[in-house]
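Here is a short report on a protein–DNA model. It covers the sheet, the helix packing, the chain contact and the surface by the DNA.

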There are 2 protein chains.
Amino acid sequence: MEKQKFKEFLLTKDLKLTKERNEILSEVLDMKTHFDPEELFIRLKTKGSKVSRASVYRTIPLLIESGFIEEVERIDRHAHYERVSTDKHHDHLICTKCGKVIEFYSPTLEMLQDEICQKEDFKGIRHSLEIFGYCEKCKG
Amino acid sequence: MEKQKFKEFLLTKDLKLTKERNEILSEVLDMKTHFDPEELFIRLKTKGSKVSRASVYRTIPLLIESGFIEEVERIDRHAHYERVSTDKHHDHLICTKCGKVIEFYSPTLEMLQDEICQKEDFKGIRHSLEIFGYCEKCKG
DNA sequence: GATGCAATTGATATTAATTTGCAATAGAGG
DNA sequence: CCTCTATTGCAAATTAATATCAATTGCATC
């Protein structure tokens, strides 16, 4: 289970799965779309949690390092994260007019990563492709 | 010539090619690698320019809009830009250990953008692919 | 070259996101 | 229960970037 995975990760770093970190993880696991730290904090608050903003900010790097979330973009001076999908990696189409984000998966791209890395003598771990342009509504 | 291109762009927006904007453009054209606003500001300073940080920040969006530079990444909470190469678009391999950035160009990827956009009913303008991993020195 | 006026500038204050210092608290192991 | 760190919340600090504003400049027109 996810909780266990996080706990184990924390142990390897001599850290503890505290109530706060636990609450933050739960909330993140619930998150269906992209989110930013403030949003996460507000959600926790409204659910009655007492975690501080500082703890949210402090926990995010841990969640990234343990593979639960990743930073997907920077909009308007603040970071956005998303739950790393358990099933499949995906990339993003971003509408520069309305801000809409469309997710897509391309097997060709996945293969391409390996190909490029081999040519450049690089050990690729992950990638992020963002295609900017206009969505169906905005491309008018 | 580049200067002229920028001047024309500015004219379309009722803006002027001032000494400051001119100096900033020159410096940017000289830039061989990635840079951030502070770096750009320091370089201008050391060359005796009197431009203010504010002007640097104010000019960057103009240089982006006129196609001279583009934002390539966010490292450590601040934006990095690079000169848009006159010849060819490229993407990046980023070593997460030492920070080295390798540029590459993949025609397959360029075609892939069109393919993906068509499928998703999106009008793609540009893209940015970052592959994270370890460079030849760090992959040990 | 002087004049008028909007665009531009530098200096400084401001904002917003994120980080950090610190005293108080809480868990794990004895 | 006791000790020892890790952890927390709060508030202050930091940082990149933006906005304010009075003074200046560029340029078209006289």
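Two strands pair if DSSP finds at least two bridges between them. Helices (H or I, at least four residues) and strands (E, at least two) are DSSP runs, numbered from the N terminus. This is a predicted model, in which local features need pLDDT of at least 70, side-chain atom pairs count only at pLDDT 80 or more, and totals for chains, interfaces and linings use all residues. Residues are numbered from 1 along each chain as its sequence is written, while chains are lettered from A and ligands numbered from 1 in the order in which they are written.

Six strands form an open sheet with mixed pairing, in the order 4(A)-3(A)-5(A)-5(B)-3(B)-4(B). Its edge strands are strand 4 (101-104) of chain A and strand 4 of chain B, each of which pairs on one side only. From one strand to the next, the twist averages 20 degrees.

| Strands | Sense | Bridges | One bridge pair |
|---|---|---|---|
| Strand 5 of chain A, strand 5 of chain B | antiparallel | 11 bridges | Lys123(A) with Tyr134(B) |
| Strand 3 of chain B, strand 4 of chain B | antiparallel | four bridges | His92(B) with Glu103(B) |
| Strand 3 of chain B, strand 5 of chain B | parallel | four bridges | Leu93(B) with Ile131(B) |

Strand 3 and strand 4 of chain B also make a hairpin with five residues between them. In its turn, Gly99(B) has a positive phi of about 85 degrees.

**Helices on the sheet**

Two residues are in contact if their C-beta atoms, placed from the backbone, lie within 7 Å. Angles run from 0 to 180 degrees between N-to-C directions, and axes are lines fitted to C-alpha atoms, for helices over the stretch in contact. Helix 5 (residues 107-120) of chain A lies across strands of both chains, running at about 125 degrees to strand 5 of chain A.

**Chain contact**

What touches what between the chains? In all, 29 residues of chain B are in contact with 29 residues of chain A. Strand 5 of chain B gives the most to its side, with 12 residues. That side divides into 14 nonpolar, seven polar and eight charged residues. Here Ala, Val, Leu, Ile, Met, Phe, Trp, Tyr, Cys and Pro count as nonpolar, Asp, Glu, Lys and Arg as charged, and the others, Gly among them, as polar.

**Helix pairs**

In chain A, helix 2 (residues 19-30) and helix 3 (residues 37-46) pack at about 110 degrees, with their axes 10 Å apart. That makes helix 2 of chain A roughly perpendicular to helix 3 of chain A (65 to 115 degrees; under 35 is roughly parallel, over 145 roughly antiparallel, the rest oblique). Glu23(A), Ile24(A), Glu27(A) and Val28(A) of helix 2 meet Leu40(A), Arg43(A) and Leu44(A) of helix 3.

In chain B, helix 3 and helix 4 pack at about 125 degrees, again with axes 10 Å apart. These two helices of chain B are therefore oblique to each other. Pro37(B), Leu40(B) and Phe41(B) of helix 3 meet Arg53(B), Val56(B), Tyr57(B) and Ile60(B) of helix 4. That contact has six nonpolar residues, no polar and one charged.

**Beside the DNA**

A residue is near a strand if its C-beta atom, placed from the backbone, lies within 6 Å of it. Around DNA strand C there are 22 residues, of which Ala79(A), Leu15(B), Glu20(B), Ser52(B) and Ser55(B) come nearest. By class, this surface has seven nonpolar, four polar and 11 charged residues.
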